[in-house]
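Please open the model in a viewer and keep the sequence at hand.

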Amino acid sequence: MKKLLGVSAMAMLTFAAPAFAASNHNEKTVSRDFARLSKDGQHAFSDIAQAQQLLASNQSEKVGQAQSLIEDAEARLTKAISDDRAFVKAESELQPAPGHTPPAHTPNTTPVHWLPVGGQYVVTDALAPEKQTALGNANQHLQQGQTKLVGQDLQVVGTDVDYIVALAPLEPSAGDVHRASVFLDGGDAKDATEALSDALNNILLVSEDVVTTPAPAASPSSAKHHHGA
């Protein structure tokens, strides 16, 4: 399961819900949107994105910092296997958000654990500058968990908004991060960078409600031996 989205999507982290009218996005509904996200998943993918950028800069003095981020991401993904926000579905059962369908990609039909690792409010209509600023503020406040301010920002936007979620397939992503750790331990920063990019490219953006399915018991260590598709 590769090349679903790309590193640029990580700029969207906070990211399953249908459209709501902005007037209905009060603090309660915003809190519900925020509560759908996995804290460990968010933090892990923030670590992965930062580590990938550090290694891609080809600055040897940043390797140690990248290694620490990778270790933290591994620990958080291992913990996330028991996150009650994780659910099991095949990629083929998920509906990508409009405009975010991966090109020339056949969805995998094997069920895996999906982890909501980020979210963002988007609109389809052109916005006046002050409303565009308010929308940007809403997403920034969402990342910070300031749900009351998000509701206020969306009132300024004053139009229909969609909330889209970034889903990461847990086992393939954990396998990619583990490979990055092994490569970096061996002094291979180039392949470590590529492995982290693979983890980021696993992300899928969806705009439908995420219907959770009880995750079967699994050994967290088994994810480390999964090398992705």
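Begin by selecting D40, which counts as buried at 13% relative accessibility; buried means under 20% relative accessible area, exposed over 50%, and partly exposed in between (1.4 Å probe, protein chains only). Residues are numbered from 1 along each chain as its sequence is written, and side-chain values use heavy atoms, with hydrogens and water left out. This is a predicted model, in which local features need pLDDT of at least 70 and side-chain atom pairs count only at pLDDT 80 or more, while totals for chains, interfaces and linings use all residues.

D40 forms a salt bridge with K79, their closest N and O atoms being 3.7 Å apart; a salt bridge is a side-chain nitrogen of Lys or Arg within 4 Å of a carboxyl oxygen of Asp or Glu. The pair links distant parts of the chain, with D40 in helix α2 (residues 39-56) and K79 in helix α3 (residues 63-80), 39 residues apart. In contrast to the buried D40, K79 counts as exposed at 54% relative accessibility.

Zoom out to the whole chain. Its secondary structure comes to 7 helices and 4 strands, where helices (H or I, at least four residues) and strands (E, at least two) are DSSP runs, numbered from the N terminus. Along the sequence they follow the pattern α-α-α-β-β-α-α-β-α-α-β. Of the 229 residues, 49% count as buried.

Now select strand β2 (residues 112-122). Because 10 of its 11 residues are buried, strand β2 is largely enclosed by the rest of the structure.

Return to K89 and select E93 with it. Their side chains meet in a salt bridge (3.9 Å, N to O). K89 counts as buried at 17% relative accessibility, whereas E93 is partly exposed at 46%. Salt bridges that share partners join D40, D72, R76 and K79 into one network, which may be selected together.

Finally, select D84 and R85, whose side chains meet in a salt bridge of 3.2 Å, N to O. D84 is exposed, with a relative accessible area of 63%, and R85 is partly exposed at 30% relative accessibility. By the rule given above, the count comes to 9 salt bridges.
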